[in-house]
Amino acid sequence: MRTITLIQGDGIGPEITEAVVKVIDAAGCDIDWDLQTAGADVIEKEGTPLPERVLDSVRKNGAALKSPVTTPIGKGFRSVNVALRKELDLYANLRPCCNIPSVKTRYDNVDIVVVRENTEDLYAGVEEKIDDNTAHSIKIITRQASERIAEFAFEYALKNNRKQVSAVTKANICKLSDGLFLDAARSVAEKYPQIQYREILVDNCCMQLVQNPCQFDVLLLPNLYGDIVSDLTAGLIGGLGVAQGANIGKNCAVFEPVHGSAPDIAGQNKANPTAIILSAVEMLNYIGETKKGLIIKNALFNTFRQGICTADLGGTYSCTAFTDAVIKNLQE
Ligand code: ATP
């Protein structure tokens, strides 16, 4: 039996957490969930949205499955998601984006993996108010973090039979910071002659992604561009409801959907649990349960092939009805 931390957030978090746990249990995975709550709901009792116990649990268990956590705006708390990644040094944010069977989108054959640096850039949170009319946000890029994420992208490409890595920056404008990121990417690329290395500016990359996404394979980006571009790539395959993600460090990893807590549909049994189920499949792969992962993925994809989907994809199924259909397919 393997113990995995289960971080239950807020908004649609509880609904999709319940769905994914039901699916994993139905697949017969031998997992003992270490349930940890975080976010707005725990502030009053514990004084912080990210109590130390959550971090300790992930450190101890080495892997976590997480649903979205909202950070209260304007109350002085650092984003739980950003803090979690920083505290656990989960330096690589991996967001695979691949068409889902029977989900109709503009393009077939989209198969892109976004590798986003997860610890610095404008997310370092170094901001200062100069006066009432001026504020500064400092963009931090270091060679060490840039090389580390580039290594991750090329190693991922090598291990997963990917052919190309594209470094995406705005180095023509942010000459020093993005220039350093690019310099680090180039030096790492030299060590991987078998992988095609390409450089593209982020604005052009967005246009090309919209016009001809199939030209891209692995995208390597600093933190902020990675956040924005991965929502774009999610849009190519059906939206945030199907976009999976993982935050990976040297000693532990947190698997979570790309989407946020979707307060507009929270508590209405409308959420699409696909993104968290696919994130859980990656988690199962990470802990060596690849067979179970594949069984769950096949059951999920067969559900889509049967024309069953939630409202975000134009379907009529609720979160629970969709989950039940996936479980039924697991048993067939
Ligand atoms: P954050 O800033 O926390 O990442 P966000 O601003 O990107 O959040 P989300 O909470 O991800 O916003 O939601 C964006 C839109 O996508 C909302 O309209 C929401 O309803 C929809 N959405 C997000 N996740 C899902 C899901 N799992 N199922 C259905 N719709 C979703």
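Contact, meaning heavy atoms within 4.5 Å, joins 13 residues of domain 1 to 12 residues of domain 2. The model is a predicted one, in which local features need pLDDT of at least 70 and side-chain atom pairs count only at pLDDT 80 or more, whereas totals for chains, interfaces and linings use all residues. Residues are numbered from 1 along each chain as its sequence is written, and side-chain values use heavy atoms, with hydrogens and water left out.

Domain 1 comprises 1-93 + 240-332 and domain 2 comprises 106-236, with bounds taken from an automatic or database domain assignment. Their C-alpha centres are 25 Å apart. The size of an interface is often given as the accessible area lost when the parts come together. Between domain 1 and domain 2 the buried area (accessible area, 1.4 Å probe, lost by two parts on being put together and summed over both) is about 1200 Å², and carbon and sulfur atoms give 54% of this area.

The interface of domain 1 and domain 2 also holds six residue pairs in polar contact, both residues at pLDDT 80 or more. A polar contact is a pair of N or O atoms within 3.5 Å; within protein, one must be able to donate a hydrogen and the other to accept it, and residues adjacent in sequence count only if both atoms are side-chain atoms. One salt bridge is found across the interface of domain 1 and domain 2, the term requiring a side-chain nitrogen of Lys or Arg within 4 Å of a carboxyl oxygen of Asp or Glu.

Turning to the ligand, a nitrogen atom of the ligand lies 2.9 Å from a polar backbone atom of Asn272. The side chain of His259 places an N or O atom 3.2 Å from a nitrogen atom of the ligand.
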